[in-house]
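Please read them with the structure open.

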Amino acid sequence: MTLFIKVWLQIKVWLKNPGNMFKLSIIILSYNTKDLLEKCLESLDKLRDELSFQVIVIDNASYDSSAEMVAKKFPWVALIRNEKNLGFAAGNNKAENYCKSEFVLFLNSDTLVPRGTLSESVNYI
C-alpha cells in the first residue's frame, strides 16, 4: 500500500472514555525544529475540514523559539512546553492526558501530510 510513502505515521488505539471530542489526536514532539514544525502544522491546517482532529505539540525545551511560533501562528494547536529536554519517549508521554480522541497519531515534525492521509488511515483502522 503506497498510502504511507514519505509519511511516517504510527497510529495507536488509545483506550479512552466513549465521550471523545475528536476522532484523532496528533502528537508532535519538537526540539529545535521551528522551520520544519511550521511547515508540518501548515500542512495539517489545510486538512482541518477533512477529519475531526486535535494537534498537540510538545516543545522539548527548544531554544529556537519554536514554542513562540506555535503559540503565535497556530492558536488552534495545544502547546505543552517542557522546561528541559525529556527525550523522545518521555516527551511524547506528556501529551497522554491531553488527548481527547479515539485514536492517537505520533507524527514527526518534518512530515508534510497530504490530503486524504488522515481520513484514509483512520477509516482503515
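The points below go from the model as a whole to single residues.

1. Basis of the notes. This is a predicted model, in which local features need pLDDT of at least 70, side-chain atom pairs count only at pLDDT 80 or more, and totals for chains, interfaces and linings use all residues. Residues are numbered from 1 along each chain as its sequence is written, and side-chain values use heavy atoms, with hydrogens and water left out.

2. Confidence. The predictor's confidence in each residue is given as pLDDT, on a scale from 0 to 100. Its mean over the protein is 86, and 84% of the residues reach 70 or more. By element, strand S1 (residues 9-13) has the lowest confidence, with a mean of 37, while helix H1 has the highest, at 98. Residues 1-17 have a pLDDT below 50, yet this stretch has 41 contacts in the model beyond near neighbours in sequence; a contact here means heavy atoms within 4.5 Å. Where pLDDT is low, the predicted coordinates should not be read in detail.

3. Overall layout. The protein contains four helices and five strands. Read from the N terminus, the order is β-β-α-β-α-β-α-β-α. There are 125 residues in the protein, and 46% of them count as buried. For accessibility, buried means under 20% relative accessible area, exposed means over 50%, and partly exposed lies in between (1.4 Å probe, protein chains only). Among contacts with a separation of 6 or more, 79% join residues 24 or more positions apart.

4. Packing of H1 on H2. How do helix H1 and helix H2 pack? Their angle is about 25° and their axes are 9 Å apart, with H1 covering residues 34-45 and H2 residues 66-73. The axes are lines fitted to C-alpha atoms, for helices over the stretch in contact, and the angles run from 0 to 180 degrees between N-to-C directions. H1 and H2 are therefore roughly parallel to each other; the classes are under 35 degrees for roughly parallel, over 145 for roughly antiparallel, 65 to 115 for roughly perpendicular, and oblique for the rest. The crossing of H1 past H2 is right-handed, a term used when the near helix is turned clockwise from the far one by less than a right angle, left-handed being the anticlockwise case.

5. Residues between the two helices. On the H1 side the contact is made by Lys34, Leu37, Glu38, Leu41 and Glu42, and on the H2 side by Ser66, Met69, Val70 and Lys73. These residues of the H1 and H2 contact comprise four nonpolar, one polar and four charged. In this scheme Ala, Val, Leu, Ile, Met, Phe, Trp, Tyr, Cys and Pro count as nonpolar, Asp, Glu, Lys and Arg as charged, and the others, Gly among them, as polar.

6. Glu38 is in helix H1 and counts as buried, at 17% relative accessibility. Residues up to four places away in sequence aside, Glu38 touches Met69, Lys73 and Phe74. Leu36 is also placed in helix H1, but is partly exposed at 44% relative accessibility. Leaving aside neighbours within four places, Leu36 is in contact with Ser109 and Asp110. The C-alpha atoms of Leu36 and Asn108 are separated by 9.4 Å, although the two residues are 72 apart along the chain.

7. Positive phi values. Most residues other than glycine have a negative phi. Asn32, with phi near 55°, has a positive value; Asn32 sits in the loop between strand S2 (22-30) and H1 and is partly exposed, with a relative accessible area of 21%. Ala61 has a positive phi too, near 60°. The loop between strand S3 (53-59) and H2 holds Ala61, which is partly exposed at 25% relative accessibility.

8. Ser62. What does Ser62 touch, residues up to four places away in sequence not counted? The partners are Ser30, Tyr31 and Asn32. Ser62 lies in the loop between S3 and H2 and is buried, with a relative accessible area of 18%.

9. Ser121. Helix H4 (residues 117-124) includes Ser121, which counts as buried at 4% relative accessibility.
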